[in-house]
Amino acid sequence: MSQPTARALSGRMPLQMIGGWEVGLLGLMALLYIGGALLNPSFFGTSDALQALLRDSARFGVMAVGMTFVIANKDLDLSVGSTLGVIGVTFSFVFDPAHYDMGVMPAIAICLVFGTAIGLLNGVLVTFLKVPAFIATLTMLLIGRGVVLGMTGGRSILYPIKAREHEWFFQLGEFNAWGFNNQIIIVLIVVGIGAWVLAKTRWGYETLATGGNEQAAQYAGIPTNWVRIRAYVISSLCATLAGLMTVAQNKGITSQAGVLTELIVIAAVIIGGASILGGRGRVIGSYFGALLAALLHKVLREGVPIVREVEVNGEILQVNATSTLPAGAIPAFIGALLVFAVLIEPYVIRRKLLQRIFARLTGRAPPRVMETGGVAIEGAQTKGTTVGDRAVTARGFGKFLARRDALAIILMVVLWFIGFLLRPDYWAGLPNTFAILLNYTELAILTLGLTYVIACGDIDLSVGAVLALAGSTAAYALKVMGLDPASAMLLGVMAGTAAGMINAMFTVGLGLPAFIATLGMFYMARGVAAWIVAGQQLTGWAEPFNLIGRKVGDILAYFNVPPVGGQVGDILGVVSVQTIWMAVIAIIAGVVLAYTVFGQQVYATGGNRRAADYAGINTNRVRFITMVLSGFCAAMAGVINVAYFRSFNPVAGQFRELDAIASVIIGGGSIFGGFGTIIGALAGAAVITLVRALLQLNIITGTGESFSLPQHWVNTFIGGILIIAVLIDIWVRQAGVLGSLRERIFGRRKAARKVDND
Amino acid sequence: MTDKATQTPLVEMRNIHKSFGAVNALVNVNLSIAPGEILGLVGDNSAGKSTLMKILTGAYHRDEGEVLVEGKPTHFRSPHESRDVGIEMIYQDFALCGNLDVGQNIFLGRWPRKGLFVDRKRMYSEASEVLQRLKVDVNSVYQKVESLSGGRQQSVAIARAISFEPKLIILDEPTANLSVMATERLLETMAELKAQGVAQIIISHRLTDIFEVGDRVMVLKRGENVGDRYIKHTGEHEVLEMIVAGTPETAQTADEALAGKSSVPA
């Protein structure tokens, strides 16, 4: 094809075509590198540093290639980090002399099978089963992490001796005869193939078309489901390769392998010029993005050399030391980087920000920006499903089954009886009941805010992390700042609410998809929480603060109230204030959502935002309030958590986002918005709490031994429940597969439906 | 017909210009509609029908020209402002919330309240009143809109529009997604509204529907007026010819065309 013709038509090649973006990235990297070299010349100043950077970024680069295909398809794959871990652990289990002790080839073969299976599973969930990509792959991420921890038991598997027998494979992670690491060759090959496939082949064109406009691509005869599944498999296989590279380099695997990798990889792809809204992606850009993200990762992790003055025996000595950022800083910064990178496309590129600034500086007329239009310019499709309105026609028990929260209520009852059957001696007793209630309280408080967010059609993935942030802030205020309990509580709640506000600003104010903004917060809030407490033992403060996590009886005792006897005394001895507090908030939240105008506005916004806008509802305000409310609820849960444990634990609230989203969905919420009630969510939270309690129940076997499931496997199980709940919501509640199945079997009602469909 | 010319039109749009970048979407377009009149707005795709209506409702802002409502100049900045003076638009896809029921949708965004809470009793009783006034059959005001058929969803959208007591209703491709039966019912509803004195503008590709209920038909082509005729004095053939081959030079207003026609045989 002739270049001149293209030039003649378009005048000048657009900046994108000649790689202006990539040039900019290279420039930015050079600046960062020079900055790093100035801060720490002993590390960044050497060629080893460049080598190490290229080596460490190789794995990110390989995964970024796969991720580019997924993101160009308008999908997202959060599971790559744990896929890397799972593959590493799988290889190690198969290869390690202490486990199956097989050769390298069978180990690689099994890893490829697993990698393909994970990709296929992601792809099928997202395409045929219509689960939103972020929910499906986030769950896969957490399941994968649980599997890694469960299989390794949190330890490393190392086999340096056996590795020597298989030089050819483990050499892949080493330096070669030409003096650089083989992983660099691997990544360059993968990037080359990826760039060629995406830019020059039908596969690539199909991918970009699917991401640009799936419906149009479908009409044009592109099998879009297959294109999307293919991208997931590519991404998963790239993660598999990265896992094998990790194993080759380390001659083993740690249980932490791949943690945070998904964040770095997604940030890399977005920085590399891909659009989170699909249809745009550049493999070479993604590789540069991976280099940049890896460089940033390194700069953040490397210390700055400082001179510290130490007093020894009255003499002041100068000691060389390095000042490093605490562990939490890295996820915090990279989470922020992700969110800002996503903003580049809509705000800098689409709105021609740079051109406008340049035009203003040179005094020329700024280029025109396309009118984005306000309300009612785009279509306001009446969304909804074709499921018959059973609630109106059903009678008796059918009426109950037609309720969206029927599943949660039935499950709650069934699970409780299962527990009773397993441990009749203990399950129904007052102590166990209230222990369950206590676990329930934290989750229930989280679900209150989240129900609003989900009913509004948004999502908040950050609730668990915000819980930790609020908890660590309160603990820090008490212990380090020495504030009084009331101020500490207030500060903790404010910190969490602020996180909710930031979520709201990015989603509502700047128009980011809620899952991206809150995913950024998921990493940022937990990072900052870890950062705050870094190196401090946050425990042992004044008791009055802890009262908000105590039982009523304890509080009465604290205030020297004489103990109450009888049944009332028993109950006071086991009921916690936080449970009472939760009940009060739940009633308010439930009444507001069900009976007030604001509640109606929430449902209308979630059901059809444009229609609601057109009807004069300030949907931005509604969404903003719900996001802040969710942060506020998470913050309350965090402060209570710290008071209950009398200390702050950095893993507080981990996996809680999974629990909370699952609770809302089981309780009748829809991941697509417009549904969900407080009663349903509370029942859903009860289901999740009971599942956890059941899984952790000590079951006494026939031989008198007791057995209980480890925590990691419980989390894996909950992840499975979340996916099943979302599937039930999409296919049973919304698409009514049960109804059409019944129709197909019994053949009746068809006539009735025909009349209705006139 | 002479009294119509002297009477103040309900809405008058004069010399409307609108461009999107280099594309001139509307050039010097005029439109007027009398109270209780049904005007069909026809033209090819990209003729500017929807743009013109969005300018009328305030969803788009005109570059030049005037919009007069009952003789008073207006500058709507959003559809909410045009609603306040009695202009309602019903979108092709109805703009309803499928997850809410019929009553909630009719009062979308202005649910009656009693103290802090939504007054459900009043909402549902008033909703069924509106539906009765429209003479449409929706089984129950408690039914979720997503479970209704397309025709019934549209009835809800119209009922919602009526409940604002509008003077003008704009229907965007109202029959596009409807079956023959539902179209018949819709046309009856439109006649009923006309009897109640509500003016209507129908954007449609289906000339048959416009010829069945309309009073007048206006043709746009590439953003320009190419003709305007009274339904009584024209035929589908003439309108089709204007859609395909009309030019602004040969465009006449309905009254000019009528005068021309009556003068020829005389």
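This is a predicted model: local features need pLDDT of at least 70, side-chain atom pairs count only at pLDDT 80 or more; totals for chains, interfaces and linings use all residues.
What distance separates the centres of domain 1 of chain A and domain 2 of chain A, taken over C-alpha atoms? The two centres lie 32 Å apart.

**Overall organisation**

- Chain A has 758 residues, of which 52% count as buried.
- Its secondary structure consists of 36 helices and 6 strands.
- The chain is divided into domain 1, covering residues 15–324, and domain 2, covering residues 431–742.
- When contacts in chain A between residues at least 6 apart in sequence are considered, 76% of them join residues at least 24 apart.

**Extent of the domain interface**

- The size of an interface is often given as the accessible area lost when the parts come together.
- Between domain 1 of chain A and domain 2 of chain A, about 2200 Å² is buried, and 88% of this area is on carbon and sulfur atoms.
- On the side of domain 1 of chain A, the residues that lose the most area to domain 2 of chain A are F134(A), I135(A) and L142(A), which together account for 24% of what that side buries.
- In terms of contacts, 25 residues of domain 1 of chain A meet 24 residues of domain 2 of chain A.

- On the side of domain 1 of chain A that touches domain 2 of chain A, the elements giving two or more residues are α7 (133–152) and α14 (261–271) of chain A.
- The element that gives the most to this side is α7(A), with 13 residues.
- By residue class, the side of domain 1 of chain A that touches domain 2 of chain A divides into 20 nonpolar, 3 polar and 2 charged residues.

- R59(A) counts as buried because its relative accessible area is 15%, and the cut-off for buried is under 20%.
- Apart from neighbours within four places in sequence, R59(A) is in contact with Q183(A), A242(A), M245(A), T246(A) and Q249(A).
- With one of these residues, Q183(A), the side chain of R59(A) makes a polar contact at 3.1 Å, side chain to side chain.

Conventions. Residues are numbered from 1 along each chain as its sequence is written. Chains are lettered from A and ligands numbered from 1 in the order in which they are written. Side-chain values use heavy atoms; hydrogens and water are left out. Domain bounds come from an automatic or database domain assignment. Contact means heavy atoms within 4.5 Å. Buried area is the accessible area (1.4 Å probe) that two parts lose on being put together, summed over both. Helices (H or I, at least four residues) and strands (E, at least two) are DSSP runs, numbered from the N terminus. Ala, Val, Leu, Ile, Met, Phe, Trp, Tyr, Cys and Pro count as nonpolar, Asp, Glu, Lys and Arg as charged, and the others, Gly among them, as polar. Buried means under 20% relative accessible area, exposed over 50%, partly exposed in between (1.4 Å probe, protein chains only). A polar contact is a pair of N or O atoms within 3.5 Å; within protein, one must be able to donate a hydrogen and the other to accept it, and residues adjacent in sequence count only if both atoms are side-chain atoms.
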